[in-house]
Amino acid sequence: MEKIEAWLEWGGVKKDIALLVIGGLSLLCSLLKIQPFPFHMAWIAVAVCGIPILLEAVIGLVTAFDIKADVLVSIALIASLLIGEYFAAGEVAFIMQLGALLEDMTVSKARAGIEKLVHLTPRTARRISENQEEIISAEAVQVGDLLRVLPGETIPVDGIIRDGQTSVNQAVMTGESLPVDKGVGDEVASGTVNQFGSFDMEATKVGEDSSIQRMIRLVQSADAGKAKIVGIADRWATWIVVIALLSAALTWWISGEIIRAVTILVVFCPCALVLATPTAIMAAIGNVTKHGILVREGDALERLAGVSKISFDKTGTLTYGAPQVRAVCPAETERDVRRFICSIAAVEARSEHPLGKAIVRCCQERESGDMPSVSAFRMIPGRGVSGEVKGVWILAGNAQLLEEAGVPIPEQAKAEMQRYVQEGCTLILAAEDNRYAGFFALADTLREDAVQTIEAVKRAGVTPVLLTGDHENAARHIADGLGIAEVHAECLPEDKLRWIAENQTTHTQVCMIGDGINDAPALKKAYVGIAMGGIGSDIAIDAADIVLVQDDIREIPHLLRLSKRMMLTIRCNLTFSMMLNFVAILLAMTGVLHPVLGALVHNAGSVVVILHSAWLLHWKNKK
């Protein structure tokens with residue numbers, strides 16, 4: 001279905017291009033005095049390019065009394081035809097239709113991606129009643145039902161764990177890069193994924209009240225609340241029409257020459273004014289495309305120039321989104337660190353947990369992956385792993401694992417652990433033959449270019465903000481390393497949405513950069529949403545206005561500066577086109593310009609606007 005819609009959309013563009021080609025050829029024939037038909041060749045341009053403009057003007061006036069630039073163009077077309085200035089009518093229609101085509105190619109339809117969110121909603125649930133399991137529709141789950149969730153399954157509704165232990169991937173809701181250990185009494189949310197252990201849960205929020213359904217409503221409301229920018233020519237259309245008609249009527253009354261009045265209507269047509277914005281936007285889009293940036297919404301760059309804050313999600317945006325070993329701290333400083341790393345990595349190699357995989361990578365990078373064999377491996381959901389390595393019984397996991405095994409942790413080690421926890425690290429503790437052996441400190445790592453990017457964003461006059469679902473300690477540590485002063489941690493999707501809305505009420509426009517499903521509502525709500533294209537979820541990409549195809553955040557400062565340069569180009573184009581109109585009107589009033597010459601002057605003005613906008617294709621910030 002999507003392919004069919006895309007084909008139809010492209011088919012419409014090809015049709016408009018074909019009409020423009022036909023209109024342009026007919027005008028060329030008219031200029032060269034080629035008359036293969038018994039009627040003036042410019043009539044073809046008027047028919048193929050002018051009729052759509054006339055229809056738009058009539059529909060807008062009749063249905064909503066909406067005066068746009070099409071109204072003045074229609075008046076000029078009809079007046080030119082009435083006095084026999086066919087070429088002038090065809091030339092004006094051609095230029096206006098060209099501007100409309102550029103706008104259609106630039107401004108694409110918003111894609112909410114809500115359908116993909118709906119697909120994330122679990123379809124079935126395992127209900128336990130009288131010690132029997134039955135598969136029911138997720139919609140049939142009632143508050144208070146006891147459900148069982150197996151490893152790898154998506155949690156169907158919100159609830160509380162009543163029996164069992166596990167690790168849950170909560171990236172859908174919080175964007176956290178690491179699974180969260182869960183046990184009896186802990187809350188779990190619908191749409192999140194149970195990774196390792198099976199558990200029984202009591203349903204607390206079902207149907208429309210569940211977390212994933214709330215996320216869908218957030219995306220829908222955020223999309224509906226985003227205002228679309230109206231073209232400058234259409235914003236001023238009412239005044240342009242009134243002034244043009246008064247000027248034409250006054251000139252006709254004073255001079256008595258209707259051709260002067262028609263010439264005023266022709267030169268008053270906002271051809272260059274209509275082209276001023278879309279040509280600059282298309283050139284700027286062409287520029288950023290070469291930098292690996294996809295602009296999905298035509299007016300996104302126009303909006304981006306007005307942002308004063310840019311909020312970054314942490315995981316996957318400023319960081320790589322994968323844990324890495326930051327420190328290895330064996331219990332005895334004189335012990336063989338290599339043996340410690342390889343022994344723990346050997347046990348973790350049997351685990352699918354991201355933290356375990358990080359320890360294995362550490363061993364492979366530092367110790368060439370020389371891991372001994374493991375026997376009696378066991379995975380303990382929500383706690384860690386165990387196994388025998390060279391006759392030594394090894395435990396590796398969280399503090400609860402060692403506590404339940406009766407392994408005491410020295411006070412000195414606890415103090416050292418606390419230091420890493422305050423820096424936002426996650427800890428893996430280890431024991432050998434029921435004796436504390438040491439710990440690994442793991443954390444998500446900053447992208448290599450994150451610091452330079454944040455500094456460049458500040459130099460561009462935009463304030464960076466860290467807006468993340470991660471823990472306070474981890475968020476603060478990352479923010480301090482980047483020089484970001486404003487931090488909002490432990491944010492759920494509605495918290496991010498609320499923060500953006502609060503800024504909008506004070507007329508502070510915010511750009512949001514994210515990659516996860518949990519960022520989708522904020523990406524929609526923000527004045528401009530930018531998604532990471534490589535690691536980003538499809539839903540985040542669909543919700544965004546702009547996509548960094550290669551996940552290269554170094555291009556963000558260029559994007560910010562180019563958007564401001566584009567707006568400067570648009571303002572120059574508008575100023576030039578209005579000055580040209582003013583001079584042409586004076587010449588038309590005095591009789592120096594006639595309709596055909598007036599149309600050619602406008603044509604020349606449109607060419608100047610296009611060439612000036614084309615400079616943006618190769619613009620590069622010299623700083």
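1. D145 is buried, with a relative accessible area of 14%; buried means under 20% relative accessible area, exposed over 50%, and partly exposed in between (1.4 Å probe, protein chains only). The side chain of D145 forms a salt bridge with that of R127 (3.4 Å, N to O), where a salt bridge is a side-chain nitrogen of Lys or Arg within 4 Å of a carboxyl oxygen of Asp or Glu. R127 is partly exposed, at 22% relative accessibility.

2. The model is predicted: local features need pLDDT of at least 70, side-chain atom pairs count only at pLDDT 80 or more, and totals for chains, interfaces and linings use all residues. Residues are numbered from 1 along each chain as its sequence is written, and side-chain values use heavy atoms, with hydrogens and water left out.

3. A salt bridge also joins the side chains of K309 and E486 (3.3 Å, N to O). This pair links distant parts of the chain, 177 residues apart: K309 is in strand β11 (residues 309-312) and E486 in strand β19 (residues 486-488). Helices (H or I, at least four residues) and strands (E, at least two) are DSSP runs, numbered from the N terminus. K309 is buried at 18% relative accessibility, whereas E486 is partly exposed at 24%.

4. Within helix α20 (residues 493-505), R498 and D495 lie three residues apart, about one turn of the helix. Their side chains meet in a salt bridge (2.9 Å, N to O). R498 is partly exposed at 45% relative accessibility, and D495 is partly exposed at 23%.

5. In total, the structure holds 16 salt bridges.
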